[in-house]
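Hello,

Here is the structure I promised to pass on.

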Amino acid sequence: MLLAAMIGLAGCSEQAPEVQADVVRPVKVMTVAQAQTARELEYSGTVRSRTEMALGFRVGGKITERLVDIGDRVTKGDVLARIDTTDYALSVRSAEANLAAAERQVETAALAKTRAEDLFNKQVSSKSQLEQAQLSYNQAVSTRDAALSTLEQARNQVTYGALQADRTGIVTAVNAEAGQVVAAGTPVVTVAADGEKEVLVAVPETDILAFKPGKTVKVTIWSNSGETLEGKVREVAGSADPQSRTFAIRVSLPENSPALLGMTALISAAVDAGPSLVAVPLSALAKQGETALVWTVDPSTETVHARPVEIADFAGTEARIANGLKPGDIVVTAGTQFMRDELKVKLPEAANQQASATGQDKTAQLVR
């Protein structure tokens with residue numbers, strides 16, 4: 001009986017490893033996708049004129065009337081607004097009076113100089129008296145010239161009371177109303193000059209290096225989405241906007257562009273995404289000595305195999321693989337510490353279906 005019991009225990013101990021070998025471990029996996037070497041950048045912007053002028057009065061004063069509204073077309077020389085020039089008209093009258101007084105002084109000095117010359121010629125007065133008369137005359141002439149310049153300046157200030165358009169274009173902004181007191185140079189009306197049009201977009205600093213002056217981009221006008229125009233980057237801002245921290249980029253449009261000022265446009269540009277790298281979670285990495293590896297699953301046999309990989313860099317919770325993986329590989333992303341070569345695993349339903357579809361596609365390609 002003791003011998004029979006020992007034989008029974010030995011039989012149980014021999015069968016235990018076989019049960020352990022038949023265990024199928026479920027795993028969490030991911031399928032390596034096709035890495036893209038190029039990407040498309042898209043940004044929206046507004047159509048603007050290449051030349052925009054923020055016009056303001058050259059003198060300060062109270063606005064008496066505004067003659068244009070947003071959207072009005074103006075030509076060179078048109079009056080856009082006026083300010084009260086009463087004080088400047090008084091300055092003109094004062095300058096005219098000063099000029100008249102200066103001219104009388106010139107006449108008086110001229111008579112004194114003539115008298116001094118006659119007395120000197122008759123040897124009645126000395127030469128110093130003649131020289132003093134000449135200096136008084138020259139001073140009176142200079143005073144008259146200064147008064148004349150002051151009068152011209154006062155008259156110019158009166159003409160500055162009318163704000164005129166410097167070029168032909170369209171009014172795009174109005175920044176002041178009648179009754180408002182403005183200082184010299186304060187923008188009152190903004191005019192977009194006729195001519196070349198462009199699209200102004202704001203690009204974050206992560207993509208600003210992809211745009212260089214002269215780069216060709218695609219421009220789509222939202223109101224006419226079926227037509228794509230070819231634009232060129234004309235200007236890239238040298239510094240970021242202090243509030244939005246974005247860079248302004250101006251894209252020139254063709255001369256025959258149907259876009260109107262203020263329309264919304266979409267800018268599309270293809271840029272190089274750099275080397276083709278595959279991203280896997282950090283949990284998928286394992287280490288064997290000094291070699292980094294991942295565990296891949298053979299969907300036909302549902303077994304795992306160690307594959308050495310070359311890590312390019314790390315980004316957050318992912319590692320980017322430069323060599324060792326290709327599109328379509330199934331990688332174990334959790335439980336790598338329990339893996340060993342030829343270990344039988346159970347794939348999720350989605351992974352099985354995807355592996356089957358991949359195999360059918362490859363078979364179809366071979367048949368062709």
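A word on exposure to begin with: buried means under 20% relative accessible area, exposed means over 50%, and partly exposed is in between, using a 1.4 Å probe and protein chains only. Please keep in mind that this is a predicted model, where local features need pLDDT of at least 70 and side-chain atom pairs count only at pLDDT 80 or more, while totals for chains, interfaces and linings use all residues. Residues are numbered from 1 along each chain as its sequence is written, and side-chain values use heavy atoms, with hydrogens and water left out.

Now the salt bridges. Side chains of opposite charge can pair when their charged atoms come close. A salt bridge here is a side-chain nitrogen of Lys or Arg within 4 Å of a carboxyl oxygen of Asp or Glu, and the count by this rule is 15.

One of them joins Arg50 and Glu196, with N to O at 2.8 Å. Arg50 sits in the loop between β3 (38-49) and β4 (52-56) and Glu196 in the loop between β11 (187-193) and β12 (197-204), so this pair ties together parts that are 146 residues apart in sequence. (Strands are DSSP runs of E, at least two residues, numbered from the N terminus.) Arg50 is partly exposed at 41% relative accessible area, and Glu196 is partly exposed at 32%.

Two other pairs:

- Arg66 and Asp69 form a salt bridge, their closest N and O atoms 2.7 Å apart. Arg66 is partly exposed at 25%, and so is Asp69 at 44%.
- Arg144 and Asp145 form a salt bridge with 3.7 Å between the closest N and O atoms. Asp145 is partly exposed at 38%, and Arg144 is partly exposed at 29%.

There is also a network of salt bridges that links Glu198, Arg234, Glu235 and Arg250.

Then the serine. Ser49 belongs to strand β3 and is buried, with 4% relative accessible area. Its side chain reaches two backbone oxygens: that of Ala193 at 2.7 Å and that of Thr51 at 3.1 Å. Leaving aside residues up to four places away in sequence, Ser49 touches Ala192, Ala193, Glu196, Glu198 and Leu261, where contact means heavy atoms within 4.5 Å. Among these neighbours, Glu196 is the salt-bridge partner of Arg50, and Glu198 is part of the network with Arg234, Glu235 and Arg250.

Notes:
Helix = DSSP H or I, 4+ residues; strand = E, 2+ residues; numbered from the N terminus. Polar contact = N/O pair within 3.5 Å; in protein donor to acceptor, adjacent residues only side chain to side chain.
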